[in-house]
Amino acid sequence: MPHPFVLVTGCSSGIGLAAARTLGARGFTVIASARKGEDVALLLQQGLLAVQLDLADSASIERGAAEALALAEGRLYGLFNNGAYGQP
């Protein structure tokens with residue numbers, strides 16, 4: 001049985017990157033996303049599947065989601081939505 005695919009947003013650094021690595025180590029096939037193309041390139045260099053996805057851009061969300069679904073062959077198991085900016 002193939003490993004379940006999980007899309008993780010906001011993987012350029014911090015919690016998103018740590019989550020992507022941890023989920024991968026635990027047997028998930030991670031599709032990491034980042035807002036900037038250069039960050040996506042770094043994720044690919046690290047051996048992760050990666051897509052560009054900017055949560056502030058509707059067209060980018062549509063492209064990134066479509067690319068992630070294609071990578072997952074339509075079988076996306078979960079979403080770790082870490083991207084964006086929060087302020088208490």
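The following legends describe views of a predicted model of one protein chain.

**View 1. Overall fold of the protein chain.** Three helices and four strands make up the secondary structure of the chain, and from the N terminus on they follow the order β-α-β-α-β-α-β. The radius of gyration is 12 Å, close to the 12 Å that the globule rule gives for 88 residues, so the chain is as compact as a globular protein of that length. Along the principal axes, the C-alpha atoms occupy a box of roughly 40 × 25 × 25 Å.

**View 2. The largest nonpolar core.** This core comprises 14 residues. Val8, Cys11, Leu23, Val30, Ala32, Leu43 and Leu48 have the most contacts inside it. Two or more residues each come from strand E1 (5-8), helix H1 (14-25), strand E2 (29-34) and helix H2 (37-45). Helix H1 gives the most, with four residues.

**View 3. Surroundings of Ala32.** Apart from its neighbours within four places in sequence, Ala32 is in contact with Val8, Cys11, Leu43, Leu48, Leu49, Ala50 and Val51.

View 4. A separate core of six residues is shown here. Among its members are Phe5, Leu7, Ile31 and Ala72.

View 5. Of the 88 residues in the chain, 33% count as buried.

Terms used:
Residues are numbered from 1 along each chain as its sequence is written. This is a predicted model: local features need pLDDT of at least 70, side-chain atom pairs count only at pLDDT 80 or more; totals for chains, interfaces and linings use all residues. Side-chain values use heavy atoms; hydrogens and water are left out. A nonpolar core is a set of buried Ala, Val, Leu, Ile, Met, Phe, Trp, Tyr and Cys residues joined through side-chain atoms within 4.5 Å. Buried means under 20% relative accessible area, exposed over 50%, partly exposed in between (1.4 Å probe, protein chains only). Contact means heavy atoms within 4.5 Å. The radius of gyration is taken over C-alpha atoms; the globule rule is 2.2 Å times the number of residues to the power 0.38.
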